[in-house]
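Dear colleague,

Please find the structure below, handed over for your use. The notes that follow it set out what was found.

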Amino acid sequence: MVKIQWYPGHMEKARREMGERLKSVDMLIELRDARIPEASVNPIIKQMAQGKPRLIVLTKIDMADPEQTQKWVEYLCNGENSCIAVDLMKDARCAKKIIREAILLMEDKRKKQLARGIRPRPIRAMACGIPNVGKSTMINRIHGKNTLKAANKPGVTRSLTWLHADENLDLLDTPGVLWPKFDDEKTGSLLAALGSINDDILDRKMVAMDTIHYIQDLYPDLLEEIYESGQVNPNGMLKAIAKKRNLVKADGILDTKRAAELFLTELRHGKLGRLTLERVNENQEDMSE
């Protein structure tokens with residue numbers, strides 16, 4: 001398994017700024033990739049949350065296994081936190097769903113303020129998560145315009161920006177932030193596979209082989225059917241992909257490097273079907289806390 005780390009300077013700066021701004025927010029809207037709901041948890045955000053309520057939003061559900069997404073939503077909804085799954089790209093009502101859930105999460109506090117004769121101000125929510133999970137897209141949906149630049153690559157948003165999203169909700173957009181060291185190498189590998197880490201620093205062939213192994217464990221025979229291969233060895237599968245897609249070097253040798261890059265591209269764009277690369281484990285530590 002390839003060992004991966006990526007924590008550029010702008011992420012450390014953003015982490016410090018987020019810590020300072022947390023004092024002025026009421027809650028967090030934490031976005032996670034529905035295909036990797038555990039690997040896309042930033043432990044720094046968990047530490048900084050300081051007991052503030054969190055709305056966990058699972059994104060990219062159009063590319064995730066719907067049965068597994070439902071299991072994750074049920075698992076992550078507990079205590080002070082709630083969880084919803086949305087399709088930010090195709091669901092025209094996703095903005096209203098997120099706003100409604102955020103207000104509902106803060107309902108008890110707002111009722112207590114009203115009981116004391118205090119007119120509640122708009123909820124202040126910090127939108128946060130790892131790179132390339134859809135924060136800017138979510139805010140553009142909520143704000144009703146392309147206020148923020150969004151791209152299918154990590155590191156686009158680099159500053160903290162307040163937006164009046166709704167009469168009852170103000171949103172603080174934050175950069176996608178990872179953490180200095182992945183304790184579990186699989187976490188780094190999954191993040192790399194789905195595009196949350198800069199491709200330029202990666203050995204994409206090794207990332208692809210790790211990912212092929214994960215998919216084969218969870219969805220037996222899927223890749224063999226897609227690429228018409230009897231191969232189960234990850235390197236053999238890359239050769240099968242190169243043959244299937246006619247990726248051949250000038251000397252006639254199958255180009256497994258290009259095959260790995262194509263495989264990751266097809267995975268990231270949902271061309272392999274709706275896949276979730278992590279399963280709910282009822283015995284694991286509660287990832288919503």
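How many of the 9 residues of helix H6 (residues 135–143) are buried? The count is 7 of the 9, so H6 is largely enclosed by the rest of the structure. Buried here means under 20% relative accessible area, exposed means over 50%, and partly exposed lies in between (1.4 Å probe, protein chains only). Helices (H or I, at least four residues) and strands (E, at least two) are DSSP runs, numbered from the N terminus.

Please note that this is a predicted model, in which local features need pLDDT of at least 70 and side-chain atom pairs count only at pLDDT 80 or more, while totals for chains, interfaces and linings use all residues. Residues are numbered from 1 along each chain as its sequence is written, and side-chain values use heavy atoms, with hydrogens and water left out.

Overall composition

The protein chain holds 11 helices and 6 strands. Of its 289 residues, 53% count as buried. Among contacts (heavy atoms within 4.5 Å) between residues at least 6 apart in sequence, 70% join residues at least 24 apart.

The sheet

The 6 strands form an open sheet of mixed pairing, in the order E3-E2-E1-E4-E6-E5. Two strands are taken to pair if DSSP finds at least two bridges between them. Strand E3 (82–85) and E5 stand at the edges; each has a single partner strand, so one side of each is left without a neighbour in the sheet. On average, and with direction ignored, neighbouring strands of this sheet are turned by 25° against each other. Axes are lines fitted to C-alpha atoms, for helices over the stretch in contact, and angles run from 0 to 180 degrees between N-to-C directions.

Strand E6 (residues 169–173) is mostly covered, with 5 of its 5 residues buried. Strand E4 (residues 123–129) runs parallel to E6 and is joined to it by 5 bridges; Met126 stands opposite Leu172 in E6. Strand E5 (residues 161–166) is also joined to E6 by 5 bridges, but these two strands run antiparallel. A hairpin connects E5 to E6 through 2 residues. Thr161 has Asp173 of E6 as its bridge partner, and His164 stands opposite Asp170 in E6.

Helices against the sheet

Helix H4 (residues 94–105) lies across strand E1 (27–33), strand E2 (54–59), E3, E4, E5 and E6, and runs at about 155° to E2. To return to H6, its buried residues are Lys135, Ser136, Thr137, Met138, Ile139, Asn140 and Ile142. These buried residues pack against E1, H4, E4, E5 and E6. Just after H6, Gly144 takes a positive phi of about 80°.

The H10 and H11 pair

Two packed helices are described by the angle between their axes and the distance between the axes. Helix H10 (residues 234–244) and helix H11 (residues 256–268) pack at an angle of about 85°, and their axes are 8 Å apart. That makes H10 roughly perpendicular to H11, a term covering angles of 65 to 115 degrees, where under 35 counts as roughly parallel, over 145 as roughly antiparallel and the rest as oblique. H10 contributes Leu238, Lys239, Ile241 and Ala242 to the contact, and H11 contributes Thr256, Ala259, Ala260, Leu262 and Phe263. These residues divide into 7 nonpolar, 1 polar and 1 charged. Ala, Val, Leu, Ile, Met, Phe, Trp, Tyr, Cys and Pro count as nonpolar, Asp, Glu, Lys and Arg as charged, and the others, Gly among them, as polar.

Individual residues

Ser229 lies in the loop between helix H9 (222–226) and H10 and is buried, with a relative accessible area of 11%. Not counting residues up to four places away in sequence, Ser229 touches Glu224, Met237 and Ala240. The C-alpha atoms of Ser229 and Ala240, 11 residues apart along the chain, are separated by 6.0 Å.

Ile44 belongs to helix H2 (residues 43–48) and counts as buried at 11% relative accessibility.

As to cysteines, Cys94 counts as buried at 1% relative accessibility, and Cys128 is buried at 0%. With a disulfide taken as a pair of cysteine sulfur atoms within 2.5 Å, the count comes to 0 disulfides.
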